[in-house]
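Me: I would like to learn how to read helix packing and a domain interface from a set of coordinates. Please take one case and work through it.

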Amino acid sequence: MEILRYAIYRFGTMLLTLLVVSVLVFAIINLPPGDYLSNQIAELQATGQSAGVAKAEFLRKEYALDKPLWQQYMIWMGFMPGPHGFSGMIQGNFGWSFEFDSPVADIVGDSLWLTVLVNLAAVVFVYAVALPLGVLAAARARTWVDYTTAFVGYLGLATPNFLLALILFYYGHRWFDLPIGGLMAPEFEGAPMNWEKVKSILVHLIVPTFVIGTAGASAMMQRLRANMLDELGKPYVETAIAKGMAPSRMLAKYPLRVAFNPFVADIGNLLPAMISGSVLVSVVLGLQTIGPTLLTALKTQDMFLSGFVLMFVALLTLIGTMISDVLLVLLDPRIRYEGRNS
């Protein structure tokens with residue numbers, strides 16, 4: 001019951017934080033002078049295309065871009081009625097993309113779940129690699145095992161993602177016949193989900209998962225090794241060994257559990273960091289994620305599209321942080337104790 005109350009409390013704070021983030025996102029996307037339609041109107045007026053100017057002016061009124069910024073924000077979020085009544089983010093209307101001349105929901109619909117899929121696969125890869133290698137490096141400190149894992153870790157940190165993508169792009173196809181680019185075979189794009197499409201997606205995920213997750217796995221492995229070495233040097237470890245506890249059991253029961261706290265806390269930063277860091281990788285590998293879409297939206301000042309994508313990344317950050325906080329409470333009794341005292 002206590003953990004349920006804490007989860008509900010964290011969910012409430014997450015919603016309040018998301019509201020504050022929405023204000024910051026809206027302010028940031030409106031910082032550059034002008035917007036997509038203003039720039040288009042200026043360009044059309046310079047070329048004397050009156051019909052295009054009339055259409056752009058109509059769109060400005062249609063999407064309340066002629067109103068003060070605070071009203072634009074309230075209408076965008078759905079807190080006050082606009083030209084079409086209450087129809088904003090909280091009502092499920094994400095706006096219109098002027099660059100692609102389509103509703104934002106239609107543009108990001110398929111790429112959203114593909115983005116989540118790619119980054120969840122990368123998170124699983126990060127933890128599956130970093131946990132055993134970090135513990136092994138700490139347990140075999142100052143041996144060839146430690147030096148080898150350190151070399152692999154530094155190599156992963158030093159190699160740019162886009163360069164690693166290009167290398168695997170070529171050699172993965174040449175040596176292992178891995179598919180080149182995309183997240184599924186062309187014949188499955190737009191097709192209903194079936195087993196053949198699932199297999200195609202899983203095969204196409206191999207290279208992006210490795211490329212996006214390598215740097216995160218390397219950094220987390222080094223961090224876990226450092227935390228483990230710090231715990232292994234404390235007196236309680238020597239006491240446990242002196243009392244006859246098996247080293248492997250002692251390692252898992254005490255040092256690993258304490259060192260695991262920062263490992264769990266990183267969940268909140270891992271997903272958004274991977275999404276923002278995988279934009280260039282998505283362009284290089286031709287992935288159908290929201291990374292290239294965000295890049296285009298920011299370059300063209302497509303405010304509704306870029307605003308939605310930034311809010312989506314913020315939502316992932318907050319969800320990841322909430323999950324890590326709840327897991328930390330379950331993992332470490334000291335956090336529960338401090339929570340009751342506060």
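Me: Which helices do the buried residues of H1 pack against?

Reply: Helices are DSSP runs (H or I, at least four residues), numbered from the N terminus. Buried means under 20% relative accessible area (1.4 Å probe, protein chains only); contact means heavy atoms within 4.5 Å. Here the buried residues of H1 pack against helix H4 (69–77) and helix H15 (303–331). They are Arg10, Met14, Leu18, Ser22, Val25, Phe26 and Ile29. This is a predicted model, where local features need pLDDT of at least 70, side-chain atom pairs count only at pLDDT 80 or more, and totals for chains, interfaces and linings use all residues. Residues are numbered from 1 along each chain as its sequence is written, and side-chain values use heavy atoms, leaving out hydrogens and water.

Me: What span should helix H1 have?

Reply: The expected span is 1.5 Å times one less than the number of residues. For the 28 residues of H1 (residues 2–29) that gives 40 Å, and the end C-alpha atoms are 40 Å apart, so the two agree.

Me: How much area do domain 1 and domain 2 bury between them?

Reply: The size of an interface is often given as the accessible area lost when the parts come together. The value is summed over both parts, with a 1.4 Å probe. The bounds, from an automatic or database domain assignment, are 13–102 for domain 1 and 108–336 for domain 2. These domains bury about 2000 Å², 80% of it on carbon and sulfur atoms. On the domain 1 side, Met14, Leu18 and Ile29 lose the most area to domain 2, together 27% of what that side buries.

Technical notes: Helices (H or I, at least four residues) and strands (E, at least two) are DSSP runs, numbered from the N terminus. Buried means under 20% relative accessible area, exposed over 50%, partly exposed in between (1.4 Å probe, protein chains only). Buried area is the accessible area (1.4 Å probe) that two parts lose on being put together, summed over both.
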